[in-house]
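Me: I would like to walk through a protein model with you, one question at a time. Shall we look at it together?

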Amino acid sequence: MNRPLIAPSLLAADFANLQRELELINRSEADYLHFDVMDGEFVPNISFGFPILEAVRRHCQKPLDVHLMIEQPDRYLDDFAKGGAEVIHVHYEACTHLHRTLSRIRELGCQAGVALNPHTPITGLEDVLEQIDVVLIMSVNPGFGGQSFIPRTLPKIKRLKQLLIANRSSARIEVDGGVGLNNASALLDAGADTLVAGSSVFGAHDPLEAIRQLKNSRQPMEV
Ligand code: DX5
Ligand code: ZN
């Protein structure tokens, strides 16, 4: 059985020491670096964009998992693909033509991800499952790091897992927001395979060890 994929979120890093933080991620067992883009419209916060992506790309050896919390993400897909994204997540709530958007992400050579806000039902994905490589389940309302995990996420992941199995989809299930060692094994048991972790990694006394422990948290049960 595979160990979970771990994606530390750069949002919680010390930006004054970006190179040092990225070198730490390079030395770690992390599988991705999660890169949160916020536009102040889709979410009530602004994070970082292309200049930082460029700097990150120069120093980070891990593949980039780009989470676009922006309106009309189609405008920037080409730029993020050129900027080195391996995975591009768009928000379900921000896409009028989701099928087209996901197809475009794949055309650009990236994995296509769809992020769902806590209130967004999984049923809206049924007719685009074939276009999805990964579903990003938000376990907080997006916009800020360090928020509390919303418990309803667990049954939602279980239902999503069933939906994927019923449709023979091999899409990954990634969880973002309030994830740490306290809930990692429950999330994996529910069917998640990829964990995003911001404060629980960069806020830890020993971030390398925090990543290692997340990587070794309990295995998902065979369904
Ligand atoms: C929230 C972001 C998350 C955030 C997670 O809007 O999408 O990726 O960095 O941070 P933690 O792990 O601290 O909840
Ligand atoms: Zn995120």
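Me: Which side chain does the side chain of E29 make a polar contact with?
Reply: Here a polar contact is a pair of N or O atoms within 3.5 Å; within protein, one must be able to donate a hydrogen and the other to accept it, and residues adjacent in sequence count only if both atoms are side-chain atoms. The side chain of E29 has such a partner at 3.2 Å, and the partner is the side chain of R3.

Me: Before we go on, what kind of model is this, and how are things numbered?
Reply: This is a predicted model, in which local features need pLDDT of at least 70 and side-chain atom pairs count only at pLDDT 80 or more, while totals for chains, interfaces and linings use all residues. Residues are numbered from 1 along each chain as its sequence is written, chains are lettered from A and ligands numbered from 1 in the order in which they are written, and side-chain values use heavy atoms, with hydrogens and water left out.

Me: Is E29 buried, partly exposed or exposed?
Reply: E29 sits in the loop between α1 and β2; helices (H or I, at least four residues) and strands (E, at least two) are DSSP runs, numbered from the N terminus. Buried means under 20% relative accessible area, exposed over 50%, and partly exposed in between (1.4 Å probe, protein chains only). At 31% relative accessibility, E29 is partly exposed.

Me: How far apart in space are E29 and Q213?
Reply: In sequence, 184 residues separate E29 and Q213. Leaving out residues up to four places away in sequence, E29 touches R3, K62, I211, R212 and K215, where contact means heavy atoms within 4.5 Å. From C-alpha to C-alpha, E29 and Q213 are apart by 9.7 Å.

Me: K215 touches E29 too, so where is K215 found?
Reply: Not counting residues up to four places away in sequence, K215 touches R3, P4, L5, I6, E29 and D31. K215 is buried, with a relative accessible area of 6%. Its place is in residues 207-215, which form helix α8.

Me: Which elements cover the buried residues of α1?
Reply: Helix α1 runs over residues 18-27, and its buried residues are L18, E21, L22, L24, I25 and N26. Their cover includes β1 (5-8), β2, α2 (50-59), α7 (199-202) and α8.

Me: What about α6: which elements cover its buried residues?
Reply: In α6 (residues 181-190), the buried residues are N183, A184, L187, L188, D189 and A190. After α6 comes G191, with a positive phi near 130 degrees. The cover of the buried residues of α6 includes α5 (153-166), β7 (172-176), β8 and α8.

Me: Which residue has a positive phi of about 50 degrees although it is not a glycine?
Reply: Most residues other than glycine have a negative phi. Q72, in the loop between β3 and α3 (77-82), has a positive phi of about 45 degrees. The residue you ask about lies in the loop between α5 and β7 and is exposed, with a relative accessible area of 78%. With its phi of about 50 degrees, that residue is R168.

Me: How many disulfides does a search of the whole structure find?
Reply: A disulfide is a covalent bond between the sulfur atoms of two cysteines, and here the cut-off for the pair of sulfur atoms is within 2.5 Å. The sulfur of C95 is 15 Å from the closest cysteine sulfur, in C110, so that is too far for a bond. The number found in the whole structure is zero.

Me: Which strand supplies the largest share of the shell around ligand 1?
Reply: A residue is near a molecule if one of its heavy atoms lies within 4 Å of it. The strands β2 (33-38), β3 (64-69) and β8 (194-197) each supply at least two residues of this shell. The largest share, three residues, comes from β2.

Me: In which side chain is an N or O atom 2.7 Å from an oxygen atom of ligand 1?
Reply: There are 20 residues around ligand 1, and S9, G143, D176, G198 and S199 come nearest. An oxygen atom of the ligand is 3.2 Å from an N or O atom in the side chain of H67, and an oxygen atom is 2.8 Å from a polar backbone atom of G178. At 2.7 Å, the side chain is that of D176.
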